[in-house]
Amino acid sequence: MTIGVSNEEVLDLSNKLFSSILLEQKKFMGLKGPDEGKENMNETILKEYEQDKGRGFFFNYVSSGRGHGPFTELVDGSIKYDLIGAIGPNLLGHSHPLYIKAHLEAATSDVMMCGNLLTHQEPQQLTKEILDSVKGSRLKHFWFSGSGSFANDTALKMLWQKKDPAHKLIAFQKAFAGRSIATQDITYNPDYRVGQPKSIDVDHVPHFDQNDPEGSLDKTLSALNELVKNNKDQYCAIMLELIQGEAGFVYGTKEYYEGVFKWAKENNLYIWVDEVQSFGRTTELFAFQMFGLDEYVDIVTVGKALQACGTLFTEELNPKPGLVAGTFNGSNAALNAGRKVVNYLREGNFYGEDGRMKYLETQFLTRLSSLAKTTCKGKIGYAGGVGSMISFEVGDSTKETTTKFIKKLYENGIISFMAGKDPVRVRFLLPTCLTDEHIDEIFKIIVKTADEVL
Ligand SMILES: Cc1ncc(COP(=O)(O)O)c(C=O)c1O
């Protein structure tokens, strides 16, 4: 169905523009240093921006808007591997044909942003695609939000209304849930809420312990039992990331989650899974599908790789009118891209044991583990993660050493970021478009960086 204006000329020009943009973007496909005379352009722009913003940036990075696949060009003309994808959204890589198409199609529409009151076809189609993808679960509805944090706030409001007056929440140690007033309390790290009054009542229990897999479920269950014993009928739900992102990709097993979820059901608690970071990136579209937990989930939040954010929920949790609203669903370009991305991920060979995500996971984890035993012994330690979410520890795994490594890696041509606290880990959110040649080059740079820093 046509969205926006269309005639033969518009279609023809749009197709030509699409090819032309793609051909131009494809010129940015290999590592490169800065152009002569432009070496200080990042610093110059950032200096002014930092003054206006009131805060410095971690990387000396300003995008030129050019790049292709895993490569991003900076304003100084240098080109680097982007292995963090803006902390998640750029799952398909830079200037992916679907992103370009989504933009061009949206340009024929009459507005930029789609609002909640007067809807368009883009949010309806994205909603349909995402609900189709969770058919094996009880999730029946989807509500858009402006950010992952707000999608979580929406989930909490729905749960509170349903379970009123049981407003306490159970979350997990090391969790990250966002930056809103509610989610800063769900987030475990107190450094992220300095000077903030406590706004919601959250208790944290231990998540899966990678150093004690066998004892993890018992530890979690005994903490949970203790909580409900002391606060009978006061909790509305249990909330968790199945793959803890900001913690450095800490995750349990199917048996662990089933044990926790069965306990939650027996204790009359809703199960809320935060997939803002994991959506699209594990070996199934949703991490809950990868673990085979479809029957348990009551409410699931998504964002990042979707190009939009929102809350999936069951019939039972559909709130009363008036509770959830808001101006925006998102830009028509982003909503259009979101539908294309989900469709592409579902139709393509991305998931399952032979899919792209498993391939990337195996490539990175095998190579990192091999380095840890050979050339980088004592320099690279733990390596773990799922699908396109990979993390590893360097040196003594402190913040100081890991930051030094990440900054040097950046200088050498790879953008990564850190995650976790005691231990701190190097984090990759990989784009799906990496070739074996890219991976070979990436590992040469990792070894060089380890030799230089550690
Ligand atoms: C698991 C998780 N939940 C929620 C959020 C918050 O999303 P946003 O930054 O879009 O508000 C994030 C962001 O990193 C996240 O990783």
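**Exercise 1. Is Lys408 buried, partly exposed or exposed?**

Task: classify Lys408 by its relative accessibility, then do likewise for its salt-bridge partner Glu411.

Solution. Keep in mind that you're looking at a predicted model.
- Step 1: start with the cut-offs: under 20% relative accessible area is buried, over 50% is exposed, and in between is partly exposed.
- Step 2: Lys408 has 24% relative accessibility, so it counts as partly exposed.
- Step 3: Glu411 has a relative accessible area of 57%, so this one is exposed.
- Step 4: now join the two. Their side chains meet in a salt bridge, with 3.2 Å from N to O.
- Step 5: find them on the chain. Both sit in helix H12 (residues 399-411), three residues apart, which is about one turn of the helix.

**Exercise 2. A pair in helix H1**

Task: describe the salt bridge between Asp12 and Lys16 and say how exposed each partner is.

Solution. 
- Step 1: the N to O distance between these side chains is 3.1 Å. A salt bridge needs a Lys or Arg side-chain nitrogen within 4 Å of an Asp or Glu carboxyl oxygen, so the pair qualifies.
- Step 2: helix H1 (residues 8-25) holds both residues, four residues apart, again about one turn of the helix.
- Step 3: Asp12 is partly exposed because its relative accessibility is 37%, while Lys16, at 52%, counts as exposed.

**Exercise 3. A link across the chain**

Task: work out which parts of the chain are linked by Lys421 and Asp191.

Solution. 
- Step 1: check the bridge itself: the two side chains meet at 3.8 Å, N to O.
- Step 2: place each partner. Lys421 is in the loop between strand E17 (417-419) and strand E18 (425-429). Asp191 is in the loop between helix H6 (183-186) and strand E6 (202-205).
- Step 3: with 45% relative accessible area, Lys421 is partly exposed.
- Step 4: zoom out. The whole structure has 24 salt bridges, and Lys32, Asp35 and Lys38 are linked in a network of them.

**Exercise 4. A hairpin**

Task: describe how strands E14 and E15 pair and what happens at Gly387.

Solution. 
- Step 1: strand E14 (residues 380-386) and strand E15 (residues 389-394) are antiparallel, with five bridges.
- Step 2: Val386 stands opposite Met389 in E15.
- Step 3: two residues lie between the strands of this hairpin, and Gly387 takes a positive phi near 55°.

**Exercise 5. A nonpolar patch**

Task: name the residues of the surface patch that includes Met112, and locate Met112.

Solution. 
- Step 1: the patch is made of Met112, Met113 and Phe328, with about 340 Å² of accessible area together.
- Step 2: Met112 lies in the loop between helix H3 (97-107) and strand E3 (113-115).
- Step 3: its relative accessibility is 65%, so Met112 counts as exposed.

Notes
Residues numbered from 1 in each chain as written. Predicted model: local features only at pLDDT ≥ 70, side-chain atom pairs only at ≥ 80, totals over all residues. Heavy atoms only, no water. Patch = residues over 30% accessible without salt bridge, like charges linked within 9 Å, V, L, I, M, F, W, Y side chains within 5 Å. Areas by Shrake-Rupley, 256 points an atom, 1.4 Å probe, with all protein chains shown as cover. Buried < 20%, exposed > 50% of the residue type's maximum accessible area, 1.4 Å probe, protein only. Pairing = 2+ DSSP bridges.
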